[in-house]
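Let's take a friendly walk through the side-chain contacts of this chain. Please have a look at the model first.

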Amino acid sequence: MENSNANGEYENERITTCLWMLPEDCIAKILAFTSPLDVCRFSLVSKPVRPAAESDSVWEKFLPSDYESIVAGSMSPIPDFHSKKDLYVHLCHHPLLIDAGRKSFSLEKWTGKKCYFLGARDLNIAWGDTPDYWKWTSLQESRFPEVAELILVWWLEIWGTIRAGILSPQTSYVAYLVYKLEDEFGFHYRPSEISVGVSGVEFDKRFAFLVPDGRPQRRNRYVESDDDYEEPVYTPPSDVVRCLPEDASTPLQSDIQRPKLRDDGWFEIQLEMGAREGNGMGI
């Protein structure tokens, strides 16, 4: 093990030694073919390489080709940065509101790939414009100026679309549903159907409970008396049963998804993964 580590350190030292012997513009061109993570590592281990690693010519390669139009159309205040690296770091940690506040845009910090977040106003919500069922309000902890608050519905249907052409090419994406729960009445009994499609064609339908496992159930605020209240028994429909393992006696023992709590206090459900290889119509 000691010999292996010594050989590895020698190899890294040999590479960095060869790099700093080149002109700075040559080093920058080489680093531009790596990744943001690799450039940061080179910058830390070799002082002679650092000027090239910090140069705008390198970090502009990691920014999306249309970053100027995205930044120009943003509603978010953006400081004047002295370098492209500073702009890159800002876009990784401070999502920009775009499309009149209906979407947010950011970069994945290790790769520079585009990340988009669709706000509630950019989604299609069944009965979303009916005040008896949904309320449009603001929430301090939300990045968007408006959020949709569920009051009461007999069915929940939400879908959204995004043009594949605005995503980073040759990139695998994961879609999530992000939400908060206050009154989760009704969501304990029946899982929701979730899916992702391309160009309007759905594939790989799955099911998920929107309430995290182990969360205590609360009474519905619209139930007037608890004395006559009977908890409904959930019977899965045939399409759910087909998705359950053969040895699953109940849906709760099956592979139905549960949400995860994010660092920002919101819940998320993973919908599906997909790869953008061309200029598809939409996802």
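Is Trp127 buried, partly exposed or exposed? Trp127 is partly exposed, at a relative accessible area of 42%; buried means under 20%, exposed over 50% and partly exposed in between, with a 1.4 Å probe and protein chains only.

A word on the ground rules: this is a predicted model, where local features need pLDDT of at least 70 and side-chain atom pairs pLDDT 80 or more, while totals for chains, interfaces and linings use all residues. Residues are numbered from 1 along each chain as its sequence is written, and side-chain values use heavy atoms, leaving out hydrogens and water.

Now to the salt bridges (a side-chain nitrogen of Lys or Arg within 4 Å of a carboxyl oxygen of Asp or Glu). The whole structure has nine salt bridges, including these:

| Salt bridge | N to O distance |
|---|---|
| Asp122 and Lys103 | 2.9 Å |
| Arg121 and Glu146 | 2.8 Å |
| Glu268 and Arg262 | 3.3 Å |

Salt bridges with shared partners join Asp99, Arg102, Lys103 and Asp122 into one network. Both Asp122 and Lys103 are buried. Arg121, by contrast, is partly exposed at 30% relative accessibility, and Glu146 is partly exposed with a relative accessible area of 30%.

Arg121 also lies over the face of Trp136, 3.7 Å from the ring centre. A charge sits over a ring if NZ of Lys or CZ of Arg is within 6 Å of the ring centre and within 35 degrees of the ring normal. Likewise, the charged end of Lys180 sits over the ring of Trp266, 5.3 Å from its centre.
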